[in-house]
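Dear colleague,

I am handing over the structure below, and I would be grateful if you could look through it before reading the notes that follow it.

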2 protein chains.
Amino acid sequence: MDLIWLAVIAGALGLAFAVFLIRYLLSRDQGTDKIREISAAIQEGALAFLGREYRILAIFVIVIAIGLGVLFGVHEDLAHGLRVAFSLVFGALCSAAAGYIGMNIAIRANGRTAAAAQKSLNEGLRVSFRGGAVMGICVVSIGILGLSILYFAFHNDPLFIQIIPAFGFGASGVAIFARVGGGIYTKSADLGADLVGKVEQGIPEDDPRNAGVIADFVGDNVGDVAGMGADLFESYVDSIIATMVLATIAVTAGLMPGAPDEAQQTAWLLPMLIAAGGIVASIIGVFLVRVGEKPEMGALLTALRRGTFAASFLVAIFAFLIVYFMDSDLGIFWAVLSGLIAGVLIGESTNYFTSYEYRPTRAISEASLTGPSTTIISGFANGLLSTLPPVLFVAAAILVAHHFADIYGIAIAGVGMLSTLGVTLATDAYGPVADNAGGIVEMSGLPPEVRERTDALDSLGNTTAATGKGFAIGSAGLTALALMLAYTQIAEIDVAKLSLLDARLIAGLFIGAMLPVIFSALTMTAVSKTASYMIEEIRRQFREIKGIMTGEERPEYARCVDIATKAALKQMIVPGLITVLSPIAIGFILGPLALGGFLIGATAIGFLLAITLANAGGSWDNAKKWIEVGNYGGKGSDAHKAAVIGDTVGDPFKDTSGPSINIMIKLMSIVSLVIAPFLVGSSGLF
Amino acid sequence: MDLIWLAVIAGALGLAFAVFLIRYLLSRDQGTDKIREISAAIQEGALAFLGREYRILAIFVIVIAIGLGVLFGVHEDLAHGLRVAFSLVFGALCSAAAGYIGMNIAIRANGRTAAAAQKSLNEGLRVSFRGGAVMGICVVSIGILGLSILYFAFHNDPLFIQIIPAFGFGASGVAIFARVGGGIYTKSADLGADLVGKVEQGIPEDDPRNAGVIADFVGDNVGDVAGMGADLFESYVDSIIATMVLATIAVTAGLMPGAPDEAQQTAWLLPMLIAAGGIVASIIGVFLVRVGEKPEMGALLTALRRGTFAASFLVAIFAFLIVYFMDSDLGIFWAVLSGLIAGVLIGESTNYFTSYEYRPTRAISEASLTGPSTTIISGFANGLLSTLPPVLFVAAAILVAHHFADIYGIAIAGVGMLSTLGVTLATDAYGPVADNAGGIVEMSGLPPEVRERTDALDSLGNTTAATGKGFAIGSAGLTALALMLAYTQIAEIDVAKLSLLDARLIAGLFIGAMLPVIFSALTMTAVSKTASYMIEEIRRQFREIKGIMTGEERPEYARCVDIATKAALKQMIVPGLITVLSPIAIGFILGPLALGGFLIGATAIGFLLAITLANAGGSWDNAKKWIEVGNYGGKGSDAHKAAVIGDTVGDPFKDTSGPSINIMIKLMSIVSLVIAPFLVGSSGLF
C-alpha cells in the first residue's frame, strides 16, 4: 500500500523542522568568552561520555547481532539471520543517531540560553525550548523513518514479524546504556560534587572551584537529555512494533477491512500513520510554545501546556481521520484516544504529586520541621500514594482499548499515548538545557537578574521534567504490556494455557516481579560507588592543587568527567546483563508460560516502583525548593537542612533507579519477543 | 474419620503445655516494688488498648456476620447463613482469645524477666522465652482446636467448603485490628516519645520523666506480641483452610486413597494432622531452648535455633509418617517439605540481610560516615536486594510442591511452612518481652550489670524478631497464594479463562498490585499523624507539670496511652476498609477473572514490599546498633546521628507498614474466597 509514504513524508518533514531549529539555534549569540569556555568544557565532557558509551555499545550490539544472526540463521536460513541482525543494528544506529543529534544540540543550546537570558526571559525560553525540541523531533522522525525503511524492505517477507522486533531490541540496547549508564553518571557526579563542595568545603552549588562541577553539568545532558531520549525512542518504536506484531489479532477480530492479506497490511500501517499524524501535530505544538512580552511563571507554563494540549487534540482528530479513511473499525480510534487521554492524565497527576503548588509536596516541606526522618517518611509515603491515579488510568485505558479493539487495541493505545512524543519530549529535554544555563550563569559571574531569569526557566523545567517522567513511565508500562501480549503471539502460546493456575506462570510472575526491585537496588548502589570515586578525586584536587580555593588555579574538570564516565559505564554492566539474560534464562529453563508470567510481574511491579521512586524523588526536590522560596524558615533553617537530606536521597531515586526501570521492563519484554520463535512448543528444561 | 481426634489431642496437649508455662511464669519473683509498679502501668495500658480494640472489633465482626449471614441465607437457606455467620464469629473469638492470653502473659513476664535478670542471664532468658512461648503455643493450639470443632460440626454439610473460609475471615478481622492498629500505635508511641524525650529534652531513652515512655512499652506488647500473634494465627488457619478447599483438586489428581468421598475426607484431614504434628514438635522445641551455666550471646542464639531446627526436623518426620500411614501420595510429603525448608531458609536469609554480623548491615553503618542521605539510600537498597532469596525460595517451593501434588501441593506447602509456628512464634514473641524488661530495668534504676544482661537478651530478641518477620512474610505470601487458588475453585473459574491475555485480569492485576503500595503509604502516614498527637501531649506535660524534670512529679502516662490508643484505632479505619471493600468491588464490578488477577498482583507486590520494608527497617536498626557497640566512632558520633535517622525512618517501615501488608494480602484473599460463591458465572457489571 502506498500510504506508507505518508509516514515517510511526516518523518522527512520532522527532520526538516529539526534542521530549521538547529539553524536557528546555531545562529544565536554564544555569549561572553566565559560562557563559551564553560559551555565548551561541558560539550567536551558530554561528547567524551557519549563516545565512550557508544564504543562499548557497539561491541554489545555487534555481539548480539552475531548471536541473533546465527540463531535465526540456523533456525530458518542464513538470509533470515542476516535480516534480523541488520534490523537490530539498524535500530541501534537510529536510536544512537537521534540521541547524538539531540544531545549535541542541547549542549550548544545551554550557553546560548545563558546569553539569551541576558536579554530577556522570553528569549531565554525560546532558545532553551527549541534546544530541547530538537531531541523531541529527532526521536520521532528518525523513529518513523527507520521503521518505514524496514517496512519497505521486508513487509513482503513472510517472517517480517520476526524481523521488526530486532529493531526494537537494538533501540533498547542503546537505551539501557544511555539511561542506566547516564543515570548512574549524572547522579554520582551530582552527589560527589555536592558532598565535597557544599558540605565539606562550604562553597555554593555550581561554584567553578569545584572540580566536579563540569561533570555535574555533563550529567544533566547525558542522563536527562540523551538518556531520556533513548528511553522514549525505545517506547516509541516498541509500541508501534508491538502493534504490528498483534496485527493478526486485529484481522481475526474483524477490525480491518478487506481480505486477510490486505487487512493485515492495514493493521501494520495504522500505528505508523497515527505516529505520522503525531509528528505533524508535534511540530505545530512546538510552534505554539511562545509567550507574550510580559512573561511570568504562570504564562511560561501555560505556553508549554498550550503546545502539548494542542498536539494531543490534533492527534485525536488525525487518528479519527486515519481510521475513518482506512475504513477500519472505529473502535481503533477509541483505543488510540484512551491511550492518549491516559498519557495526559498521568502527566497531570505526576504534576499534582510533585509540584509545590499542591498539598502533597507542601506537606513534605512541613514534615521537614520535625527533622530528616519525617521528611523521608512523608516523601516516601507520597511516592507510594502517587501510584494510585496512574494505575487507574492505565487500567481504564486497557479496559477501554480492549473493549473496542481487542488486544490489538491495548497495543495501539500505547501508540496513541506516545503519538505526541515530539512535543512532550521537547518540553522535557528543555529542562536540563535551562538547568545547565543556570549553572553557566552562576559560573560566569553574570548579574543576579540573569540568574533570576534562568532560575525561573529552571523551575519551570522541574515541573515539566516531573510531568515528562510520569509520561515516560506510563508509556513504558503500556508498551511493555503490549510487547508481552505480542510475545504470546509469536511464541504461539495457547490463550487457555496462559492461566494463573499454572505453577510455572506463578513462579515466573514472582521472579519477574522481583527483578525490577533487585535492579533498583543495584542502580542505587552503583550511584553510591561511582560517587565515592568522584568524592576521592575532588578531595584530592582540593588537597593537592593549592590555588583552587583562592581562584588562582583551575581545577582539572576533565579528570572528574573521565573518572565518573568510566565508573558509571562499569557499574551498569551487571544490571544490564541481568536485564538481557534473565528473560532468556526463564524462557528456556522454565518455559514460555513462565516467561509470560515473568513479563507481566515485571511490568506491573516495575511500573509501580518507577512511579514511586520518581515521584518520591521529585516531591523531595520540590519540598526543598518550597522551603527555599521562604517557607518554614527558608534557606539555612533546620527544616531546610532536613529537606536537603530528602532531596539527596531522592536524587538516585528519581534520576537513576526510577527511569532505569522503564528501560528494564521494555528491554526484558523485547528480548522475550525476539527469542519467542525459539520458544514455540517448548516447555522448558523440566 | 476418627483421625481428627489426633488434632484435638495435639491441641489439648498444647493448651496443657501453655497452662504449665503460665503457672511457671506466675510463680516467678515479681521483683522490686518499682518493677511491679512499672509493669502494672504497662499491663493497664496494654489491656486498655486491647479492650478498646476488641470493642470496635466486636462491632466490625457483628456487622460482617450479619451481612454474610443474610447473603448466604438468601443465597442458600437461613440455616446455612447462620452457619457461615457462626464460623466467622467463632474464628474471630479464637484469634482474640489467643491474642488475649498471649499478650496477657507477655505483659506479666516483662517485670519477672527484669527480676530474673538480677540473678543471672540464664534465668532472664528462661523467663522471657517462656513468656513468649505462651503466645506461640496458644496460637497453634487454639487454631487447631477451633478448626477441629468446625470440622466436627459441619464436615458432613455439603456446603462445608463455604463455611470454613468464614472462620479465616473472622481471624483476619482480628488480625487487621491487632496488626495494623497495633502497628500504628507502637511506632507512633515510639516516635513521639523519642522525638520529645531524646531530641527535644535531651533525656535518655526509657527515662521515667518522659510521659510517653509507658505508651512506648505498651506498644511493644500490643504491636509486636498481640499483633504478630494475630497475624500468624491468621496465616496458620488460612493455610489449612486453603488446603481443605483445594481438596477436590487432590482427589481429582489421584493423590488420595479410596473412593472420592473418602479421598476428600483424607484431603481435608491431612493439613490438620500435619499441623497437629507441628504442635507436638513445637512443644519439644520449646523444651530444648536452654543454655548452660556459662551463657554468652552465641550460646543464646544457638539455644533458640536448636529449638526451631529440632522442631522442623521432627515435623518432617511426622509429615512423612502421616502421609505414609494415611496411604496418600508421597508427593504430598515432598510438598510439605518444600514449604518447611523454604520457611527456614527465608528466616535465615532475613537474618543475613539484617543482622550486624554480616556485610549488608555493616555496609550501612559504614555509609553513615557520609551522612544520613547515604545511610538511607544504602539501607533502602539493602531492603530491595533482600527480596532476592525469599522470592527464589518461594518460587522453588511452588514449583516443587506443584510438581509433586498439583495446586493442592502449593497450599499444603504453606501448611508445612507454618507447622512449626508454635516454636517460631515463641522465639519471636520473646523479643518484646526482653525489650520491655530492659526498659523496666532502666526505669527502675537497677544496677548496670542487670541492664547489660537485659541488653543481651534484647539484642538476641532483635535477631529473632528479624527472622520471625521474614518467616511471617514468607508464610503470608504462600498462604495468600493458596487462598487465591482456593478462590478460583469456589468461584468455579475455568482454568482456561483465567488467562493473562484477558484484559480484565490484566487490569485487575495492576490494580491489585497497586493496593499494598497505597496501603503502605496510608499506614506510614497514620504513624506520623498519631505521633503528632503524642508529641503534643508529651510537650504539654513537660510544659504544664513543672515537677517532671526534677523527678518530683510523675507524668500522666495513662493520658499518652489513651491518646495513642484512640488515634491509632481511628487511623486504621481507612486502610482497613480499603482492604475489605476493594476485592468486593473488583469482584462484582470487573468480575471474577479480574479478581483473580487482582489477588495475584496484590500478593506478588505485597510480598516484595513487605520484605523490602521489613528488612530495610531491620538493617537500619542494627546498623545503628553496630555503631553503638563501638564502630565508626560509636555513640554520639556524626555517623551515629546519621544512623539514628535511618533507624527512625525504618521504624514505621519494619513495624507498621511492612507487617501490615501480610494481613492485607491474606485478608483480601480470604474476603475473595468468602464471596466467591456469589461470583460463580458472573462477569461483572459491564
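How many salt bridges are there between chain B and chain A? The count is zero, where a salt bridge is a side-chain nitrogen of Lys or Arg within 4 Å of a carboxyl oxygen of Asp or Glu.

Please keep in mind that this is a predicted model, in which local features need pLDDT of at least 70 and side-chain atom pairs count only at pLDDT 80 or more, while totals for chains, interfaces and linings use all residues. Residues are numbered from 1 along each chain as its sequence is written, chains are lettered from A and ligands numbered from 1 in the order in which they are written, and side-chain values use heavy atoms, with hydrogens and water left out.

To begin with the interface, 65 residues of chain B are in contact with 65 residues of chain A (contact means heavy atoms within 4.5 Å). The area buried between the two chains is about 5700 Å², and carbon and sulfur atoms give 89% of it; buried area here is the accessible area (1.4 Å probe) that two parts lose on being put together, summed over both. Of the area that chain B buries against chain A, L500(B), L501(B) and F510(B) supply 14%, more than any other three residues.

Among the elements of chain B that each supply at least two residues to the side touching chain A are α12 (372-385), α15 (448-490) and α16 (503-544), and α16(B) gives the most, with 18 residues. Helices are DSSP runs (H or I, at least four residues), numbered from the N terminus.

Over all chains, a search of the whole structure finds 58 salt bridges. In one of them R539(A) pairs with E200(A), and the closest N and O atoms are 2.6 Å apart. This pair links distant parts of the chain, since R539(A) lies in helix α16 (residues 503-544) of chain A and E200(A) in helix α5 (residues 160-201) of chain A, 339 residues apart.

Finally, chain A carries a nonpolar surface patch of about 980 Å², made by ten residues that include F313(A), F320(A), W334(A) and F404(A). W334(A) lies in helix α10 (residues 331-354) of chain A, whereas α9(A) gives the most to the patch, with six residues. Such patches are made of residues with over 30% relative accessible area and no salt bridge, nonpolar side chains (Val, Leu, Ile, Met, Phe, Trp, Tyr) being joined within 5 Å, and accessible areas come from the Shrake-Rupley method with a 1.4 Å probe.

With best wishes

Notes: Patches are made of residues with over 30% relative accessible area and no salt bridge: like charges are joined within 9 Å, nonpolar side chains (Val, Leu, Ile, Met, Phe, Trp, Tyr) within 5 Å.
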